[in-house]
Amino acid sequence: GGCISPLPAAKHSQFNLIFGSDKESISITDILELPNGDLWFASWGIGVRTVDKFLTPITNDLYKQPVPSTWSKSAIGATKLTWSLCRESATGIIWIGCNEGVLLKHDPVKKTTEYFQLPVFNKSTIRYIAEDSHGQLWFGTQGGQLIKYVNKEFTLVQEIGTIIYKVFFDKQGIIWLATHEKGLYEVDPASGRIIRHFTAEDKANNLYGNTGYDVEQLNDSTIIYGAGAM
């Protein structure tokens, strides 16, 4: 199952989406809206499901092409353990990050899917995918790798050493990383170097907690880090 909550002008309402008859709950891990209004839901266990702009479940073609027959059973299963979604704006290609460093590249026009399990990901779950203002893709993994994709090449930029929950770009193009137990990182996208590292142990500007699942920009001078405070 899964649930989203549209917000009409007059009142708040809730719409339940049922993706299957199983009584067990399904974890929705990411949501992507396409230009035509379709919504893609990544899930841990049943792969990627889709609804149209009227919230009617529809079939996508993500798994139309089979996984390579040479893949292990575990890697094949990882294609349904999906965590992150990102649409490449220049091409319309949809990238899907999965368990075990498995990466899917889907062309919704040609209805084709390419399957990858690249050494650079070190078989680590791809927790987040983001696109910067230059059209470059950035990947954050369970193992703490920050990886850049540009000119059809994947490059390891940083090894944080813990889960990267979110990769966020502020208005100036600076990268912010929300992590597990290691606080908030500010990273220069050009050099890949760490500009600043904020933690709960800092004497000045200390965080409430070191684990944060989200980071956003409030205004030109304020970055918000979801680190557990109420």
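Rings of Phe, Tyr and Trp (for Trp, its six-membered ring) form a pair if their centres lie within 6.5 Å; planes under 30 degrees apart count as stacked, over 60 as edge-to-face and the rest as tilted.

## The aromatic cluster

Ring pairs link Trp95, Phe121, Phe139, Tyr149 and Phe154 into a cluster. The structure as a whole holds eleven aromatic pairs. In one of them, the rings of Phe121 and Phe139 have their centres 5.5 Å apart and their planes at 80°, so this pair is edge-to-face. The pair links distant parts of the chain, 18 residues apart: Phe121 is in the loop between β10 (112-117) and β11 (126-131), while Phe139 is in strand β12 (residues 137-141). Strands here are DSSP runs of E with at least two residues, helices are runs of H or I with at least four, and both are numbered from the N terminus.

Phe121 also pairs edge-to-face with Phe154, at 5.7 Å centre to centre and 70° between the planes. Phe121 counts as buried at 0% relative accessibility, and Phe139 is buried with a relative accessible area of 0%. Phe154, at 23%, is partly exposed.

## About the model

This is a predicted model, in which local features need pLDDT of at least 70 and side-chain atom pairs count only at pLDDT 80 or more, whereas totals for chains, interfaces and linings use all residues. Residues are numbered from 1 along each chain as its sequence is written, and side-chain values use heavy atoms, with hydrogens and water left out.

## Overall make-up

The protein has one helix and 20 strands. Of its 230 residues, 46% are buried. Contact means heavy atoms within 4.5 Å. Among contacts in the protein with a separation of 6 or more, 37% are between residues 24 or more positions apart.

The accessible surface comes to about 12600 Å², and carbon and sulfur atoms account for 51% of this surface. These areas come from the Shrake-Rupley method with a 1.4 Å probe; for residues, only the protein chains shown count as cover.

## The largest nonpolar core

In soluble globular proteins, nonpolar side chains tend to be buried together. A nonpolar core is a set of buried Ala, Val, Leu, Ile, Met, Phe, Trp, Tyr and Cys residues joined through side-chain atoms within 4.5 Å. The largest one here has 17 residues, of which Trp40, Leu85, Ile96 and Leu104 touch the most other members. At least two residues of this core come from each of β4 (39-44), α1 (73-78), β8 (94-98) and β9 (102-107). The biggest contribution is from β8, with three residues.

Which residues does Trp40 contact, leaving aside its neighbours within four places in sequence? They are Asp30, Ile31, Leu32, Leu34, Val48, Arg49, Thr50, Asn60, Leu62, Leu85, Ile94 and His106.

## Charges, rings and salt bridges

A charge sits over a ring if NZ of Lys or CZ of Arg is within 6 Å of the ring centre and within 35 degrees of the ring normal. The charged end of Lys80 sits over the ring of Tyr63, 4.8 Å from its centre. Likewise, the charged end of Arg127 sits over the ring of Trp83, at 4.1 Å from the ring centre.

There are five salt bridges, each a side-chain nitrogen of Lys or Arg within 4 Å of a carboxyl oxygen of Asp or Glu. One of them joins Glu216 to Lys166, with the closest N and O atoms 2.5 Å apart. Glu216 is in strand β19 (residues 215-219) and Lys166 in strand β15 (residues 164-169), 50 residues apart. Glu216 is partly exposed at 36%, whereas Lys166 counts as buried at 8% relative accessibility. Lys166, Asp214 and Glu216 are linked in a network of salt bridges. Another bridge joins Lys171 and Asp220, at 3.5 Å between the closest N and O atoms, and both of these residues are exposed.

Note on methods: Buried < 20%, exposed > 50% of the residue type's maximum accessible area, 1.4 Å probe, protein only.
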